[in-house]
Number of protein chains: 2
Amino acid sequence: MAAWKSLQNGSLEGISRVPDLDASKLTITLANSLKPMPAPESLVFGSVSTDHMLVVSFDPSTGWSAPEIKPYAPLSLDPMSSCFQYCTSVFEGMKAYIGPDGKARLFRPEKNMARLARSAGRCALPPFNENAVLTLIKRLVSVEKRWIPALEGYSLYIRPTIIGTRAALGLAPSDHALLYVLVTPVGPFFRQTPAKPVSLLAVSDSVRAWPGGTGGHKLGLNYTPGLLPQRVAAKKGYDQILWVLDDVVSEAGVMNVFVVIKREAGDGVDVVTPELDGTILPGVTRMSVMELLQKRGTQVAERKVTMTELKALSAQRRLSEVFLMGTAIIVASVGRIGLEGGEGDLVLPGPTPVADAMKKSLLEIQEGRVEFEDWSVICDDD
Amino acid sequence: MAAWKSLQNGSLEGISRVPDLDASKLTITLANSLKPMPAPESLVFGSVSTDHMLVVSFDPSTGWSAPEIKPYAPLSLDPMSSCFQYCTSVFEGMKAYIGPDGKARLFRPEKNMARLARSAGRCALPPFNENAVLTLIKRLVSVEKRWIPALEGYSLYIRPTIIGTRAALGLAPSDHALLYVLVTPVGPFFRQTPAKPVSLLAVSDSVRAWPGGTGGHKLGLNYTPGLLPQRVAAKKGYDQILWVLDDVVSEAGVMNVFVVIKREAGDGVDVVTPELDGTILPGVTRMSVMELLQKRGTQVAERKVTMTELKALSAQRRLSEVFLMGTAIIVASVGRIGLEGGEGDLVLPGPTPVADAMKKSLLEIQEGRVEFEDWSVICDDD
């Protein structure tokens, strides 16, 4: 039973205990006809919908409904719905891979579930049983298993989403919600081998996240303000934006940033990444790279990284690598950073041994070719 | 013809000229049966849907569709839609009143149209003909005229909304969109006469808007981060939050803030309001109050207002009034402000002659009882 407070204008009016999300109540309705599979090479990230989706709804009087896996279909929502008007919307990004044993695998999915719950709380959306949602996602992946391309670097991208569906224009937390999960087959983010380094444009006049804001949670709204600046960056010939707040490096596009610094003494490298000060998304890939580096004897320092520092390190030929990570991209090396104020580009020298090793290690674990702790989770029923 | 750039990942790929929004293509389909009218006294803000709504859609290959006024109905959208995933959503708040001549009137609607266009641009949503949308809103108000309560202080609240409907998970501007307009009958925000003063809780650990952010635009996403802090404020016994950023006063809840200061010389008052530095919504009521005060010989100073200043003025017994404004609330006086750090409440002394005069003037003009420039716009066809 989840405690849920009936809210109107943010005040607490009455407390009811309503049924929590229960995976055992799942019903599965299969599609009458299945869609044709596109050729893996033709896949554009996130553009193909599969045959089925998972849907569960929340009503403050009856709690979470019986979950349904059913044919992929449009959502029908009142035009006043909270998600349209007040952007009550949170999501996760996960991937399922086919292992050498033919089984579908998820990568540290409990981390995504915990973050989804935190995100929902930040938007005042109803709480839910994280284990139940994970169980349901595993079932959905099993039902959609034919959609996982069994090719190296390919996977089934999973998009759990929760939207507020309270149908009223008065500004208040959404006491109705819809939790749904979509899956879509994806190829490697970069098709070329080796991948072309990413170019970043440093931007500080537009700000993605700030102290006291929501940048540390995975809310849909964190992605909107970047759409226009991203268009400008692309026009200037850069792949992504490097968000800079008062000289402090934040994220790149929607990815976490790592910096590899040659020690002054010449006896190796240090790795640093921006600290989780509320402006940085606590990425699952970020956390995993930190742990993998630690296993190799490299402690990643979480601290403020400034553009001034990057420029100084570059001038001293000590800026060895800058690399980015996220569920979609996994790991990508940065080739150059366009500086503000007409200072030109800060060029990374290459090669990128740390980024390359991290990408290889992650993929091996994600695809089930190498066992590492309990990171790869089998989701097949059979 | 609107220029529209087909966008993928923010890059400009091809430019096409597609049909702009054309009000002359409007089709009207009336509901078979009309809904019963609730008693005006029972109205809860924004909770009643009327019989009809206006809908227009945008497709990058065919442009804006022929507008439709049709029976109020759910929206059917792909679950991948941009508005669910990336919060591409903008809106406006307007009101229609019945004048003494029995005609429906809007208040400075062209200001809302201009702001809606700016908001859409900030979210990289397609541009549209502002005059066409205003013409269509007038038609909708005429069709729904029976829903405007002909009582002083009552009106028909109008909610123009644009949402991104691109159905793909790859992060990119939404090249598909839906523009729709809802109307809902509303009563006075405060039922008591005289209205009870509003209590505010100063909050600076949670931040609504930031320089370089989107607080100066009317995006749905600006309203989400406040839902949770608002719940906390309500629990502590305050009506709304006073957003404070580094000691600087921003907005209260979703309303603009004005401060009335007694001059040291005792020869009258000065009125100040936070400057439009990108963190403040350029409110239509804000602008109107500034113009009304100027007509009365009071120039409103737009400048930074700090909590330190408010506390000092209060100690000097020079803090005469703090009042709030917005389309929904019109004008409301503040009774007390809960200070951070256990400093207790800053209590406003009352009476509130400036706020009272502004509320009276605005309502007279909005309801068509007093003509003032071209602020009140008749929207009846007949």
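Biologist: What makes A:Lys218 count as buried?

Modeller: Its relative accessibility is 10%, and buried means under 20% relative accessible area, exposed over 50%, partly exposed in between (1.4 Å probe, protein chains only); therefore A:Lys218 counts as buried. This is a predicted model, where local features need pLDDT of at least 70, side-chain atom pairs count only at pLDDT 80 or more, and totals for chains, interfaces and linings use all residues. Residues are numbered from 1 along each chain as its sequence is written, chains are lettered from A in the order in which they are written, and side-chain values use heavy atoms, with hydrogens and water left out.

Biologist: Which residues does A:Lys218 touch?

Modeller: Not counting residues up to four places away in sequence, its contacts (heavy atoms within 4.5 Å) include A:Glu92, A:Arg115, A:Ser119 and A:Tyr223.

Biologist: Why are the two copies said to be related as by a two-fold rotation axis?

Modeller: Chain B superposes on chain A by a rotation of 180 degrees with 0.0 Å of shift along its axis, RMSD 0.0 Å, fitted by least squares on the C-alpha atoms of residues with pLDDT of at least 70 in both. The two copies are thus related as by a two-fold rotation axis. The same surface serves both: 97% of the contact residues of chain B recur in chain A.
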